[in-house]
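Let me put the sequence and the structure up, and then we'll walk through them.

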Amino acid sequence: MTHVVGVDAGGTSTRAIVVDASGAVLGTGRADGANPNSHPPHTAASRIASAITGALGGLDPAATAACVVGMAGVSKLSDPSIAEIFEAAWKDAGIGPVRTVPDPEVAYASATSSPDGSVLVAGTGSIAGRIRGRRMVSTVGGYGWLLGDEGSAYWLGREAVRSTLDVLGRGGEPGPLARAVLTEALGPSAVDPAAGASLWRALITSANAEAPIRLARFAPFVSEAYREGDPTADEITTRAAALLVTNVMTARDPGERTPIVLVGGVLSPEGPVGAKVRAELADLEVLTSTDGVLGAAWLAAVDAYGEGAPRPVPR
C-alpha cells in the first residue's frame, strides 16, 4: 500500500499529513516555521523533514508515492546550493521525489479542484496569483513591505498609524482607532489629551524604532474600530479592499469566470476587509481556503493517483 505526503511550510509553523489512496489521513506531523527567507536553510529543511517524519510515524517512507511541499519563500530554492540542503533533508527522511511549490498553490488547491483560477492572499503581506493547471503562472504584488503588500496586515497597520499622526498633527480629537494605536504604541497614558503635540513626535519615534513589519500588529485595531463605527477605519478598510480586488482582477483574463480563492486572516469573512472584498466580487465564484496542508496532500495524491484522486478527509 502506498501513501502520499502533503506539507504546508510557513514562517511560523510547518504541518505535514500522510494520506492514502482513498483520501484517509493516516498521520500528522508538526514543526516550527520553515520559510527559508525567515530561517537558516538548514533549519528550515530539517523542520520540514521533522514534520514529515512525525506524520509518517511507523509507515514506510519508501512507500511514499509522492510528496508536495507548499512553502513560503520557495523561490529561495532556485539557488542550487540551497536546493541541495533541502534535497539532503528529503533523503535523510527517506522519501522522494518531493515537489516544492509556492504556498498560494496549496492554498488554492485546498478550496477547489478546478485547475484554473486565481488566488488572493492577504496576511502579513499580500499577493495575487493566476492559477493554470494548478500552477501559479504569474503574480501581481507580493513585493514586500517596502514596495507593496497592498491591503495586507502590514499595510493596514501602517495606515492606522499614519491616520493617527494626521489627527494629532491637526490637533484633532483621537477617535477609536487613534486611541487604540496610541495605547498600543505608547501606553495607556498616551490617550490623555493633556499630552498635546508631544504625542505626534512620540508616535513617529516609536514607529521608526522598530522593524517596519511590526506595523502589522496595529491591523486588528482597524477592524475593531470599524465595528465601533469609526469613519477612519471604514475608509482604510474600503481602500484595502479596493487595492486587493484590483490586484486579483489584474491577475485574471477579461471576463474570466474561474474561481477566486481567498487566503489569509485579513480576508476572513468575519473581518471588514474580507467582507468588502467579497461584496466587490459578488458576481464571481469566491471561495475561502480551508487548510493549505490538505491542498498539498491532494496535489500529491493527484501526482500519484491521477485526477480522480479523492480529496483528503480531515480527522
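This is a predicted model: local features need pLDDT of at least 70, side-chain atom pairs count only at pLDDT 80 or more; totals for chains, interfaces and linings use all residues.

So, what percentage of the 315 residues in the protein chain do buried residues make up? It's 50%, where buried means under 20% relative accessible area with a 1.4 Å probe, protein chains only.

Residues are numbered from 1 along each chain as its sequence is written, and side-chain values use heavy atoms, with hydrogens and water left out.

Okay, the overall build. We've got ten helices and ten strands; those are DSSP runs, H or I of at least four residues for helices and E of at least two for strands, numbered from the N terminus. The radius of gyration is 22 Å, close to the 20 Å from the globule rule for 315 residues, so the chain is as compact as a globular protein of that length. That's taken over C-alpha atoms, and the rule is 2.2 Å times the number of residues to the power 0.38. Along the principal axes, the C-alpha trace spans about 70 × 45 × 35 Å.

Now the inside. The largest nonpolar core has 43 residues, and L120, L156, L177, L203, F218 and V277 have the most contacts inside it. By nonpolar core I mean buried Ala, Val, Leu, Ile, Met, Phe, Trp, Tyr and Cys residues joined through side-chain atoms within 4.5 Å. Helix α4 gives the most, with eight residues. Another core lies apart from it, with 27 residues, including A34, A51, L56 and A89.

Zoom in on L177. Leaving aside neighbours within four places in sequence, L177 is in contact (heavy atoms within 4.5 Å) with residues including A160, F221, V222 and I236.

Most residues other than glycine have a negative phi, and most peptide bonds are trans. Which peptide bond is cis here? The one from G96 to P97, with omega near -5 degrees; P97 sits in the loop between α2 (80-93) and β5 (98-102).

Then there are two positive phi values. R134, not a glycine, has phi of about 65 degrees, is in the loop between β7 (126-132) and β8 (135-141), and counts as buried at 11% relative accessibility. D149 has phi near 60 degrees, lies in the loop between β8 and α4 (153-170), and is buried too, at 6%.
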